[in-house]
Protein chains: 2
Amino acid sequence: MKLPKGFLASGIRAGIRKKRPDLGLIVAPNGANAAAVFTQNLFQAAPVVLSKASLKKTGGRVRAVVVNAGCANAVTGREGLEAAKRVRTRAAEVVACREEEVFLASTGVIGVVLPDGKIREALPASVTRLSIGGVEALSHAILTTDVGPKVTQASFVIGGKRARIVGVAKGAGMIHPNMATMLAFVMTDAAISTTDLQRALKNAVDESFNTISVDGDTSTNDTVLVMASGAAGNASDADLGSFAVALAKVCRDLAWMIVRDGEGATRVMEVEVIGAKTDRDAKLAAHAIATSPLVKTALHGGDPNWGRILAAVGRSGARFSIKRVSLSAGNITLVTNGAPASYREKDAARVFARERVPLRLSLGSGNGRAVVLSSDMGHDYISINTDYRS
Amino acid sequence: MKLPKGFLASGIRAGIRKKRPDLGLIVAPNGANAAAVFTQNLFQAAPVVLSKASLKKTGGRVRAVVVNAGCANAVTGREGLEAAKRVRTRAAEVVACREEEVFLASTGVIGVVLPDGKIREALPASVTRLSIGGVEALSHAILTTDVGPKVTQASFVIGGKRARIVGVAKGAGMIHPNMATMLAFVMTDAAISTTDLQRALKNAVDESFNTISVDGDTSTNDTVLVMASGAAGNASDADLGSFAVALAKVCRDLAWMIVRDGEGATRVMEVEVIGAKTDRDAKLAAHAIATSPLVKTALHGGDPNWGRILAAVGRSGARFSIKRVSLSAGNITLVTNGAPASYREKDAARVFARERVPLRLSLGSGNGRAVVLSSDMGHDYISINTDYRS
């Protein structure tokens, strides 16, 4: 896959991780407008602190993105901040741009200061390898426990010009970005102002990455960055509808890939809660289901054990009357008016054995609605996470 | 172990579970004052609904307690309520007491109506087997996925008389009572009024069972019942201090046994949060640590991966300044003022390899404090919970 015009990328091994590529570089030779959303975790990693400040300083202009895997550089105090700054300085040198035009992102172990020497040493090679086809190497270099790379694209017409958008992401350890770092970099050659980018990104994230998480429930390093090079040549006052749609599609694709590639995941449940008193009640209920280890292990076993689902809802804090609660999986109604419905066990089991398990909970108390995607939890999850300092 | 004077118990097989005892009975032939705390889950099981109403009706008098394993009789609507009532009627007949003096508790699968016929048929045999040594049979008959029975005792002097207190419990699937049912029955031969029982129970539960859970975070069936037969013969206006201490000790013992016997558990972390802005902030932080699958799997692997601990705290909603955060495990300081402390990895690993891992997080923002006990999460947890309808 080729990058949109105005972007080059590479992915190489800097030696932070053992025997795996761990340093990604994106360069927009003529610069790009940029907008980003960051983790809401109070422990914000050094690269998050710096990148946030840089975007503010430049009013949303980025010329280089340096991403490393293997070390999150989070909870590393002043030392970590200095290490990240040294990487930024070196990147600005080799790319020939201002320091504040360098955007940083890191993922990996928390509490270890970034081995910035290795990165600074490797950066010239990163630059040498830059190419318009470098998205594949980039997509591999940013992975941690992901099984495979996550890349998607779309094309659209804006102001009469054909434009492209390409997104690359790394997954969370589990499906919730609170569990491990989620990074996503989206590039388009359309000309979009920073303000419009920010607005479109907010909307796209709300219906994609935020459905696999919950507000504020993020890791120390989560970052979603969107950049527009303007190389497609559309007028800056063009109608943005097609861009917004394409951006949302790319974000949804990446969000799905992240959940599906959750550690040890074999299937994904789509938890939709409707009829809640408020959207907040719907979110509480959906989140309780999506994060319950008992629900996630039953899902792994393909077991339509809806008792665990309702038990999670009952403790979620969502307000409702149990007599109005209904639950269905696919087209099988499991619970009606707070009591077991009549259905054939094997029909329910068939739904729970699919790769995509749609659950719909109706609380019968209002118009609040929420959707959360979540993966199952099996032995591989335990294996991946009990290994010493995985 | 013998029961306190004024109580008899038995545990037999009624055929609800395959090849395991599943029906427990406690009888106080002359009745007992009683107080209880119940689940705060909105889906309250039929036995919870009935027992709550009975205690209210009698002003806190109990003559018989019927406990079954294998079926929670929760989310079973009117049918489940009727089934529980039939058990109550039959129990009142065989024990020769009023219906409202029968206390019911159930644990097992949610969404299945209680097979009350089996219980009603078995109740005469339950009565025949009643004995003062029956606590052991009782403790086995109430288990579900627990590895072993949980019984403890204490003795104390009240109003010049020697009294005893015995507690028996079944554990939650995981350490949090939101995950599976926690039942505890505590009996004393001291003479204590219902009001005093209720007050002492509330205090004892707050510093025992509630430290392994969080307010409101309970299953559909959780119940803690305390009964006082008065057979010890102390004056009713005796100083209650010794009783309160003994009750708290028994509850703490049972709470510890429940966590230690969490599904697949090999060790227990004691998460103490101090210096929080408020107790609520401390609870948010402690709960986030104690429930994080990433922390629990690292604990299983004996990995002092404190990055995962702080990442959980950062997203917990607790308010604090990261520069004031410190974390220690046993006597090893891992983090000081929001940055890694200097310690030897193998010393930290040694603490995390113990059966009891004490973690102390200091937020440096006030006087709020909370303690939560939690077990690790390993392959056995997954095996137990992915099996179809375990």
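Angles under 35 degrees count as roughly parallel, over 145 as roughly antiparallel, 65 to 115 as roughly perpendicular and the rest as oblique. Keep that in mind for this predicted model, in which local features need pLDDT of at least 70, side-chain atom pairs count only at pLDDT 80 or more, and totals for chains, interfaces and linings use all residues. Residues are numbered from 1 along each chain as its sequence is written, while chains are lettered from A and ligands numbered from 1 in the order in which they are written.

Let's start where two chains meet. The axes of helix H11 (residues 379–386) of chain A and helix H8 (residues 293–300) of chain B come within 8 Å and cross at roughly 70 degrees (axes are lines fitted to C-alpha atoms, for helices over the stretch in contact, and angles run from 0 to 180 degrees between N-to-C directions; helices are DSSP runs of H or I with at least four residues, strands runs of E with at least two, numbered from the N terminus). H11(A) and H8(B) are therefore roughly perpendicular to each other. From H11(A), Ile382(A), Asn385(A) and Thr386(A) meet Leu294(B), Thr297(B), Ala298(B) and His300(B) of H8(B), contact meaning C-beta atoms, placed from the backbone, within 7 Å.

Now turn to the sheet in chain B. Its six strands run in the order E12-E11-E10-E13-E9-E14, open and with mixed pairing (two strands pair if DSSP finds at least two bridges between them). Strands E12 (339–340) and E14 (368–375) of chain B stand at the edges, each with a single partner strand, so one side of each is left without a neighbour in the sheet. E12(B) pairs with strand E11 (residues 332–336) of chain B in the antiparallel sense over two bridges, and Thr336(B) stands opposite Ala339(B) in E12(B).

Definitions and conventions. Two residues are in contact if their C-beta atoms, placed from the backbone, lie within 7 Å.
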